[in-house]
Amino acid sequence: MEYTTCPLDCFDGCSVEYEAGKKLRGEKAHPITQGYLCPHLNHWFKHPRLEKARVEGAEVPLHTALEAAITSLKETPPHKILFYKGSGNLGLMQGVTKLFFAKHGAVIAKGSLCDEGGGFGVEEGRGLNLTLSPLHVKEADVVVLWGRNPTVTNTHMLPALQGKTLIVIDPVAIMPSAQLHLPIRPRGDVYLALLLARIAYMEMLEDVAFIEARTEGFEEFKELFLWTPIRVLAERCGLSLEEVAHMLTLMKGKKVAFLVGTGVQRYAHAHTVLRAIDSFAAMMGWLGTRGSGVGYLSQSGVGFTNPFDVPSKEASLVNVDFSAYEVVVIQGANPISQMPASSVVRTGLGKVKKVIYLGLHENATSALADIVLPAKSFLEKEDLKASYGHHFLGRMPKLTENQNALSEHEFCTALMEAFGYETPKSEHSYIEDFLVSGAVEKKGRWQNRLYETWPYEKTFYTPSGKFCFLETFDDTLEAEGMWLIFAKWERSLNSQFLPHHVLHVPPALGLEDAQHIRLSSPYGSAIYEVKNDARLQKDTFLLHSGANDANALTPSFETQEGHSAAYQEMHVTWEHV
Ligand code: SF4
């Protein structure tokens with residue numbers, strides 16, 4: 001039996017048993033994986049892969065496509081070359097290609113289509129972004145699922161929730177077994193955090209000793225929650241004072257773990273949302289104390305030296321103007337589907353002389369590419385995965401051969417050689433250096449050294465070593481219409497695997513299942529098949545990840561901080577078609 005690690009963009013970072021010709025299985029002895037994988041990896045071998053390289057639509061040998069890519073790059077001034085990397089595979093070695101593009105003076109797209117807006121807020125308050133793993137959550141009495149649905153995105157958290165008091169804060173009732181569901185309005189999270197702080201303060205529930213010893217800026221935070229009228233706070237989060245007081249009653253005197261998902265921060269003020277939730281938790285002494293904490297998506301390389309984090313010319317990953325470049329190299333990404341304002345993206349990419357695509361699967365972007373290079377899967381190359389949902393690192397040895405595809409390391413090496421630059425070190429060498437820089441081996445498993453004690457138990461990582469409260473924020477969305485929120489789905493992972501066109505609608509609209517409606521936003525429109533969903537409030541539509549054309553509707557500007565996409569910072573209108 002050999003072992004590897006799931007490469008996918010997911011909290012759980014599963015350890016995988018591999019035996020040639022057999023189904024992949026979860027490692028039983030792994031503290032997080034506990035012997036099972038989710039459907040994404042259970043069906044891994046059923047998903048069709050890109051098998052053949054292509055140049056201008058014609059299938060060619062891999063080396064011919066690689067030579068064509070090199071020729072295009074040689075014929076183009078470096079400042080007219082853009083490198084765009086996605087997160088289809090989260091292994092460390094996926095970043096090695098940046099070495100070539102940085103060295104060559106090309107432009108690298110940077111930013112986030114996921115969590116970095118919220119992550120910025122976490123780092124503002126705590127200095128570094130550490131997570132809560134299932135092993136931490138096991139020690140809590142109460143678990144608050146704040147915009148996170150572990151039944152879909154984090155199934156290896158579920159065993160840790162057993163026997164806990166569960167509180168769900170989500171526009172959608174995602175977990176019927178919860179003791180309390182607070183159906184928050186979309187974009188109401190900052191206001192709920194302030195309302196919780198306000199009521200807790202009125203009831204003198206704050207942890208004075210913790211605030212004095214381990215935090216700074218509480219007086220300013222107090223101003224925020226005391227001077228915003230309580231009626232405004234309740235209206236903006238769409239919850240009654242009784243509901244919020246009930247939540248506090250369930251948490252009072254208990255160890256509380258908050259598990260926060262990405263949906264809460266898909267807005268312009270993304271960083272504020274996480275900082276407000278953190279500030280409420282810190283005020284109550286539920287941050288950095290054993291059994292309690294706020295777990296978001298950690299920065300998975302936190303505490304490590306990343307050899308591929310090299311300075312380069314930059315463009316925004318969220319709203320880069322592709323048409324400004326002559327050659328665009330896209331690796332492990334599907335920007336036509338994943339980036340906001342997809343009609344602009346499609347038009348921009350259409351004007352590029354040569355689009356070069358390196359990836360595993362056929363998708364909207366590969367279909368448009370001039371040169372297509374099949375990528376090696378995680379089983380066919382050496383890599384290492386650091387999870388954003390727990391503190392274990394997983395090795396990914398090369399387990400099988402594939403001569404018809406390229407690893408990112410091979411692609412980078414070929415480019416470096418073609419341009420006469422120093423070639424990269426071996427994968428093994430990068431991986432060992434990375435481990436030594438921030439990990440410790442215990443009982444045969446590599447773990448992030450920052451988690452040797454309870455997260456933040458000894459210190460926060462701010463200059464003062466104290467948690468810094470939220471002091472002010474800017475929130476100015478003015479719009480009319482319905483909310484459109486996005487949630488992950490067990491049959492898809494972002495745009496990977498199973499695209500679909502189903503829109504969940506509130507029954508209050510009186511629409512029939514399977515009829516079609518057109519959604520419009522200031523950025524575009526798209527047509528969907530209707531499915532009534534009684535869990536939705538009357539002003540909210542829901543799309544699952546992978547929905548066709550969803551990004552025809554989304555805005556292309558970045559969050560106020562964190563260079564992230566603000567997918568939900570809009571309202572939509574609808575009409576019959
Ligand atoms: S739960 Fe996540 S890490 Fe585990 S197999 Fe599924 S996608 Fe991979």
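Does Asp207 count as buried, partly exposed or exposed, and at what relative accessibility? Asp207 counts as partly exposed because its relative accessibility is 27%, where buried means under 20% relative accessible area, exposed over 50% and partly exposed in between (1.4 Å probe, protein chains only).

The model is predicted: local features need pLDDT of at least 70 and side-chain atom pairs pLDDT 80 or more, whereas totals for chains, interfaces and linings use all residues. Residues are numbered from 1 along each chain as its sequence is written, and side-chain values use heavy atoms, with hydrogens and water left out.

**Surroundings of Asp207**
- Asp207 lies in the loop between helix 8 (189-202) and helix 9 (208-214); helices (H or I, at least four residues) and strands (E, at least two) are DSSP runs numbered from the N terminus.
- Not counting residues up to four places away in sequence, Asp207 touches Met283, Met284 and Gly285, contact meaning heavy atoms within 4.5 Å.

- Strand 6 (residues 81-85) and strand 7 (residues 107-110) run parallel and are joined by 2 bridges.
- Phe83 stands opposite Ile108 in strand 7.

**Ligand**
- Residues around the ligand (a heavy atom within 4 Å) include Cys6, Asp12, His40 and His156.

Key
Two strands pair if DSSP finds at least two bridges between them.
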